[in-house]
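Please look through the structure below with care, taking one part at a time.

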Amino acid sequence: MAKVTRRKFIKTGSTITAGAVVAPLIWVKEAQAQWNSSPEKGARLRVLRWSRFVQGDIDQYMANVKKFTDKYGIEVRVDNESWEDVRPKAAVAANTGGGPDIILGTYDDANLYPDKLVDVTDLCEYLGKKYSGWYPVCEAYLKPDHKHWIGVPLGAAGSMIVYRESHVKAAGFSTFPKDTVGFLKLLQALKEKGTPAGFALGHATGDANTWCHWLIWTFGAKLVDEKNNVVINSPETLAALEYGKEMYATFAPGTLSWLDPSNNKAFIDEQISVTNNGISIYFATKNSKDPKVNALTADINHSSYPAGPAGVSSACHLFMNQMIFKYTKYPKAAKEFIRFMMEDEQYGAWLQAAIGYVAHPLVAYEKNSIWTSDPKVTPYSDACKLLRPPGYAGQLGYASAGALADFIVVDMVAEAASGQRPAKEAAERAQKRAERYYKV
Amino acid sequence: MSARTVGPVVTASKAPPKRADSTTLQRLLNNRHFLGLLFMLPAATLLLLFLTYPLGLGVWLGFTDAKVGRTGHWIWFENFAYLIGDQVAQLSLFNTFFYTLVASVLKFVLGLWLALLLDRNQLLKSFVRAVVLLPFIVPTALSAIAFWWIYDSQFSVVSWVLTRFGLIHRYIDFLGDPWNARLSTIGANVWRGVPFVAICLLAGLQTIPPSLHEAAALDGATPWQRFRHVTLPLLTPIIAVVMTFSVLFTFTDFQLIYVLTRGGPLNATHLMATLSFQRAIPGGALGEGAALATMMIPFLLAAILFSYFGLQRRAWQQGAKD
C-alpha cells in the first residue's frame, strides 16, 4: 500500500462517499453522521474477548486499550474467556439484551443473531478503503446480505501444516510438496522411515475441522451449494475420502481419539513429523527451557495445505470477529473503539505482539514486518486469505453452525478413513445428517 | 408438642375481644398447618426457584424451536420426533444405557466387595477408609484429565508399562476405537464411583447388629449363608438408595466424557447429556438440546420408581412385622 496520510485518505474517502449517493440517501447520511461523530459523553465500554493464545497478545491489546482510554477518556473493561466459551456467553447476551458492549467472537457467531448487532457498514467501509480492502472471506462471514456489515473482522488464527524439515528431507523431498499427489507420497515415505504424520480425527474442534474441511474442498467437494442445498454426497467427496483413507494408513496410531492438544504433544515428543496446527507448536519449542525440545525449533517449518484436483489450499481457520450489540448505550464509542484498535498504530503493534497466532483480515497488513521477520512464520500470514467458512459455499447461520458443532464433516472423514464404513456410506450418512440441519 | 399447640388455642377463644389482633396472629402461629407451611417456605422457595423453575423451563424449551440468540415457537413434539429419527441421538441413547448398566453393575459389585473388606477389623482402619474415599473427593474434571493421560494414544502409562515388559508391541488405542473407548470411559467412571458405593454400603453394614451374625453362626450357618440370609436382606434398603443415586449420576454423566473424548470417536461415547450440550450450546439448537435432556427424565424416573417400589416395598421395611 502506498503511503497514504490520514488526511489525504479522509479527502479521498469523502469523495468516494459523495460518489456513492446511488445508495439510499438516508442510510448514507446516517453512516456519514456516525462517521464524523465523536463518542457519547460519559461513555464506558465493556469488552468480552477470547483469552489469549500467547501472552504478548493480551499485553499489547491492553496497552492499546489504555491508549484509547487516555485519548478519549473512556473507561474500557476487558474480560477474557476461553474461546469456546465466548459463543454461549455472546448468545446469552444477544438473547437477554444485556452484557458486554463489544464481544470478540469466533466463526459464524454474528450470523446467529444478525438483528441484535449494530450495523458497522460505515466503519468496515472506512477500514476497507484505508487498508486496501478486506479478504473476500470477511464478507462471507460478516456481510451476509452483501450490503450491510454486521461485525468487524478481527483476523484468524491459522492452522497450517507443521513439519520437521529433516524428516521431510530424509523422506526424499527437498521442499514441502505443493499438491496432494506429492503430499501423499511424502506421507507414505515418512511412514516407511518410521517418522509418520498425524492429523486429529477425534472431536477436535479446531484441528480436526480445519484439515477435514481442507480435504473435501481441495477435491472440489463441499457441504452445501450457494443455495444451501446439501451436496456432500458427490463424486468429489468420494475422491476426497479415498484420499483420506490413504492418508490415514500412514498416520501414527490413535488419531481417531485425538483432541486439539494431542498432536501438539505427539509432535513435541517427536512421535509425528507432520501435522496441522496453529503456530503454537513452534513457539512452544522456541520458548522451551528443555534443551531437547528447544532443539526442535530449528527443524520445524510451516507450509500452507497442498492443493488437490480443485486447486484449493483453503481450510476453515478460526475466524474472529468483533460485534457491537444493539443494547449498548454507547454505540458510537464502541465503533470508535474498534476503529481505533484496527488502525495501523494499534493493530500493527498487536499483530507483532501476537507473533503470528493471529493473521490480519485487511490486505494492507500483509506488509507488516511480523510476516517477514521470520520466514517460518510467513505461511500463517495467509490464514484469512486462504480461509473458507465451514458452511461453504452456502449462507452462514443456524444450519451451518449446527452442522459444524455436530462434527458432520469430521465424522465422515473419520468413518471413511478408518474403514469403519465404506466411503460411499460415510458420504450418504453425512448427506442425511446435514440435510437435517439444512431441512430439505 | 400437640398438647402445647392445642392449649393456647383454647385460651385464645376465651380471651377478651380487645386483644383480637394479637390473638389472630397468635392463633395463626399456633395453627399446626400454618406453622408447617411457614417453616417449609424457605426450603420450598429454594426448591421452586432453583430446581422446579429451571426444570420446567428446560422441559418447556424442549417443546419449542428456540435457538441460541432467538426465542422459539411452540412446536409440540417436533423435536422429539426429529430426535427419534436421528442416528446420532439413537446411538447416544444406546451408549447411555450401555454406560449406565455396565458401570452401575461394576460399581455395585466392586463397591459391595470393598465395603465387606473394609467392614473387617484390619490394620489402620480409619486411614484406609479415608484413602478409599479419595477418588470421590478429587474433582471429576481433574480425575478425568488424569485418565485422559492414562488413555492417551501416545503417552499412556499403561501401554508404556506393558511395552516395557514386552507384553504388547504397539500402544493400546484406548479412546480411538469405538468399543475400546466405551469400555475405557466406563473404567474411569467406575474408578470414580466405587468409593461412594463402598462407603455408603459400609455404613449400612455397620448398622447390622453383630448379635444376628452370632446367632446365625451358632446355628451353623456358613459365611456365604450368613451373607446371603443376614447381611444382604438387611442391606437392601441402603442398596436401593445408593444404587438409585449411582444410576442417576452415571446416567447423567457429562464431565468425564467431555474431557476424555467429547463424544468421539465417531460418536461412540456420546451420552445423552453430552450430545444435549453439543446440540444446544455450540450447535445453537437450544430447543433440540433441551428436548434431548427432557428425554432423559422418563428413564431417570423409572430408575427411581424401580428402586422405591421394587427394593423398598417389603412390609418389614415399612415398619410392619413380617
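Which residues touch the most other members of the largest nonpolar core? Before the answer, a word on the model: it is predicted, so local features need pLDDT of at least 70 and side-chain atom pairs count only at pLDDT 80 or more, while totals for chains, interfaces and linings use all residues. Residues are numbered from 1 along each chain as its sequence is written, and chains are lettered from A and ligands numbered from 1 in the order in which they are written.

The residues in question are Leu45(A), Leu201(A) and Val413(A), in a core of 200 residues. A nonpolar core is a set of buried Ala, Val, Leu, Ile, Met, Phe, Trp, Tyr and Cys residues joined through C-beta atoms within 7 Å; a residue counts as buried if 20 or more other C-beta atoms lie within 10 Å of its own, as exposed if 12 or fewer do, and as partly exposed in between, with the C-beta atoms placed from the backbone. The helix that gives the most to this core is α10 of chain B (residues 178–206), with 10 residues; helices (H or I, at least four residues) and strands (E, at least two) are DSSP runs, numbered from the N terminus. In chain A, domain 1 (41–157 + 317–382) and domain 2 (160–316 + 392–437) both give residues to the core, so the core lies between them. These bounds come from an automatic or database domain assignment.

Contact here requires that the C-beta atoms of two residues, placed from the backbone, lie within 7 Å.

The two domains of chain A have C-alpha centres 28 Å apart, and 19 residues of domain 1 of chain A are in contact with 21 residues of domain 2 of chain A. On the domain 1 side, the touching residues divide into 12 nonpolar, 3 polar and 4 charged, where Ala, Val, Leu, Ile, Met, Phe, Trp, Tyr, Cys and Pro count as nonpolar, Asp, Glu, Lys and Arg as charged, and the others, Gly among them, as polar.

Between the chains, the contact takes 30 residues from chain A and 27 residues from chain B. The largest share of the chain A side, 5 residues, comes from α4(A), and that side divides into 13 nonpolar, 9 polar and 8 charged residues.

Chain A also holds an open sheet of 3 strands in the order β6-β5-β7, with antiparallel pairing; two strands pair if DSSP finds at least two bridges between them. Because β6 (274–277) and β7 (300–303) of chain A stand at the edges with a single partner strand each, one side of each is left without a neighbour in the sheet.

Finally, consider two residues other than glycine with a positive phi. Tyr107(A), with phi near 45 degrees, has its place in the loop between β3 (102–106) and α5 (109–112) of chain A, and Tyr107(A) is buried, with 26 other C-beta atoms within 10 Å. Trp76(B), with phi near 55 degrees, is found in the loop between α3 (32–62) and α4 (78–84) of chain B, and Trp76(B) is exposed, with 9 other C-beta atoms within 10 Å.
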